[in-house]
Amino acid sequence: MLRSYLQIALKVLRRRKFFTAISLFGISFTLLVLMVVTALLDHVFAPHAPETRGHRTLGVFGVSIQSETGSGTGFPGFKVLDHCARDLPGVEEVSFFRLQGNVTSYVGGEKIRSFLKATDDAFWRILDFELIEGRTIDAHDFNERRQVAVLNETTRGKFFGAGQALGETIRIDGRSFEVIGVVRDVPIVRIVPYSEIWIPYTTARTEDYRQQYRGDFMALLLAERRSDFDQIRAEYAARVSAMPPPEGYDTVISGADTFFEFVSRQLFGQRMQSSHPGRLRAALGLAALLFLMLPTLNLVNLNVSRILERASEIGVRRSFGASRGHLLLQFVLENVVLTVLGGLLGLGLSALVLAAINDSGVIPYAEFALNLRVFGWGMAGALLFGVLSGAYPAWRMSRLDPVDGLKGSAS
Amino acid sequence: MIQLNNVTKSYHTERIETLALDAVTLSIADGEFVAIMGPSGCGKTTLLNLMGLLDTPDAGELLLDDQSIGGQSDRKLSRLRNRKIGFVFQSFHLVQDLNVVDNVEVPLLYRPGVSGRERRRLAREALDQVGLSSRIFHFPNQLSGGQQQRVAVARAIVGAPQILLADEPTGNLDSRMGDEIMDLLKQRHDAGSTVVMVTHDQRMADCADRTVRLFDGRQVQ
Ligand SMILES: Nc1ncnc2c1ncn2[C@@H]1O[C@H](COP(=O)(O)OP(=O)(O)OP(=O)(O)O)[C@@H](O)[C@H]1O
Ligand SMILES: [Mg+2]
């Protein structure tokens with residue numbers, strides 16, 4: 001029976017070309033926007049290469065120190081990480097790294113600005129960079145404070161064009177580093193791995209960073225198993241709260257989070273004391289729903305305005321044995337077919353839009369793509385949209401009295 | 001058997017109340033062919049709607065096969081309409097968005113267990129009977145009034161209903177076409193169906209076993 005309804009729905013939509021066209025336009029545009037946003041979020045939060053072990057990686061992305069009179073929140077300082085994040089039970093590998101921001105180099109009189117990260121050697125074992133040539137930073141480089149650098153592909157091009165890079169020296173903010181490796185570009189939205197140049201953080205000019213509670217560090221914790229997450233979080237939080245606070249402060253707060261949890265901690269955690277991934281998910285869902293609201297009401301309106309037009313059809317179907325339930329199902333399904341078609345169209349359009357964003361260079365090294373996850377969410381959105389906008393008009397239609405329906409428009 | 005006991009039906013509009021049927025008592029036996037006649041506005045369509053379970057009486061009782069219809073659930077009524085009753089409406093009422101054969105398939109769509117192929121076969125057969133097999137993919141607005149009437153008849157008989165309710169089924173047809181439709185109704189009657197037909201045409205009424213005359217919502221002898 002469902003199949004027959006589907007066939008009928010397609011026939012009706014094909015027959016009502018004008019209605020179908022304007023509905024499809026609205027639906028596909030709405031879902032296009034939703035899918036592009038979903039693709040962006042997916043790109044930021046879901047594990048993509050080089051975070052191939054993302055599902056068992058936690059991070060420390062923030063620290064807050066608080067006193068009676070005020071508080072300061074920011075990236076973690078080395079001291080907190082050094083004190084609390086080493087040798088956690090269940091953690092297989094731990095990495096500290098530094099966000100150093102933009103640095104300047106000159107090549108042949110031309111100025112090059114590059115983003116710089118300073119890492120340890122574990123960083124390269126936890127993350128799975130695609131090596132193009134040479135090698136990445138190892139324990140020897142790190143411990144011996146060797147002035148070595150790994151470049152991404154694009155930056156190699158900026159410094160050396162098509163020429164040899166390995167073994168050559170580049171100058172970063174006036175200091176010399178030997179190029180030991182080149183890795184494939186990583187999009188800027190992959191906050192943890194992203195950079196253009198990576199160096200060992202032991203090459204820093206001073207060791208002041210070792211005393212900082214707040215600084216420019218982050219930590220990655222690779223758990224043996226995902227099921228160890230709770231234990232790791234608990235132990236890390238306990239160590240942080242037991243840590244003596246800096247002069248003039250009385251509390252240190254920090255947590256081990258996934259990146260999504262960290263964002264929820266910043267948005268919803270009172271003074272960063274707790275993470276609320278559920279709330280963030282709910283907020284995102286709510287935003288999507290609100291965004292769906294207007295086109296939903298629009299489609300509801302369009303459908304309701306067609307009830308009168310379809311009164312005779314309803315009367316006929318009722319006279320020949322359609323129950324209210326039949327009609328409800330049939331009209332909702334008709335609408336769902338419409339929105340799912342719109343969804344597929346929107347999906348195609350969003351692939352084009354994402355490709356355009358990638359090409360435009362607005363977001364450095366962007367590699368937005370539709371994957372199964374985004375497709376799944378998009379189709380779920382389309383279905384929800386279809387049911388929401390179909391249910392009320394279908395209910396109204398199904399309540400129509402058969403006799404009134406037949407009277408409504410004598411054809 | 002269709003049995004009406006003291007059935008009353010009135011319509012309320014903003015200003016006036018119309019008594020469309022006034023205490024009608026009527027019994028139609030299984031397999032009977034009954035013609036209903038009367039001037040315009042006397043309540044013929046109203047009576048047919050009640051017998052077709054499309055409407056409910058304000059007072060009185062309607063029985064179908066000795067079962068009272070009052071208070072039945074929507075699902076039950078829908079099932080009865082689907083299994084037992086076929087309708088030919090006064091004004092065709094074809095679904096404009098569906099082509100001829102899809103229109104004829106409508107009653108079978110709500111009958112569980114009828115496959116798509118079976119539906120198509122039965123619909124083609126019914127269209128064959130009304131002489132429209134060459135137009136099955138036309139849309140209603142591409143047909144003449146007489147052709148639409150025949151589609152409506154095909155739709156009414158496709159499910160081989162026990163009761164056929166026809167509201168002026170020959171009203172829009174020339175006499176030759178009208179005779180053909182009458183032959184179809186007689187065929188259904190011969191096959192054992194109960195046929196109730198509204199008509200203004202005495203010649204048509206003469207084909208029936210019995211004629212019921214209405215005047216101002218009342219049955220007259
Ligand atoms: N929905 C309605 N609202 C108000 N009055 C109605 C309604 N339906 C029918 N009537 C009135 O009820 C009376 C009977 O109508 P009905 O349609 O049964 O007549 P009929 O005998 O079928 O007439 P015709 O031969 O013209 O088809 C008429 O006076 C009509 O105006
Ligand atoms: Mg009438």
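**Reading cores, contacts and charges**

Modeller: Gladly. Keep in mind that this is a predicted model. The contact between the chains takes 30 residues from chain B and 29 residues from chain A.

Biologist: How much area do chain B and chain A bury between them?

Modeller: About 2700 Å², with 57% of it on carbon and sulfur atoms. On the chain B side, H93(B), D97(B) and Y110(B) lose the most area to chain A, together 27% of what that side buries.

Biologist: And how many salt bridges cross the interface of chain B and chain A?

Modeller: First the general idea: side chains of opposite charge can pair when their charged atoms come close. Across this interface there are three salt bridges. R16(A) pairs with D97(B), their closest N and O atoms being 2.8 Å apart. There are also 12 residue pairs in polar contact between chain B and chain A, counting pairs with both residues at pLDDT 80 or more. On the side of chain B that touches chain A, α2(B) gives the largest share, five residues. That side divides into 13 nonpolar, eight polar and nine charged residues.

Biologist: Which residues are linked with K11(A) in a network of salt bridges?

Modeller: D102(B), E105(B), R119(B) and R120(B).

Biologist: What separates K186(B) and D183(B)?

Modeller: About one helical turn, because they are three residues apart in helix α6 of chain B. K186(B) is partly exposed at 30% relative accessibility, and D183(B) is partly exposed at 42%.

Biologist: Now the nonpolar core. Which members of the largest one touch the most others?

Modeller: In soluble globular proteins, nonpolar side chains tend to be buried together. Here the largest nonpolar core has 52 residues, and I2(B), I36(B), L47(B) and M51(B) touch the most other members. Helix α11 of chain A gives the most to this core, with five residues. A second, separate core of 42 residues includes V63(A), V103(A), L151(A) and Y213(A).

Note on methods:
Residues numbered from 1 in each chain as written. Chains lettered and ligands numbered in written order. Predicted model: local features only at pLDDT ≥ 70, side-chain atom pairs only at ≥ 80, totals over all residues. Heavy atoms only, no water. Core = buried A, V, L, I, M, F, W, Y, C linked by side-chain atoms within 4.5 Å. Buried < 20%, exposed > 50% of the residue type's maximum accessible area, 1.4 Å probe, protein only. Helix = DSSP H or I, 4+ residues; strand = E, 2+ residues; numbered from the N terminus. Contact = heavy atoms within 4.5 Å. Buried area = accessible area lost by both parts, 1.4 Å probe. Salt bridge = Lys/Arg side-chain N within 4 Å of Asp/Glu carboxyl O. Polar contact = N/O pair within 3.5 Å; in protein donor to acceptor, adjacent residues only side chain to side chain. Nonpolar A, V, L, I, M, F, W, Y, C, P; charged D, E, K, R; others polar.
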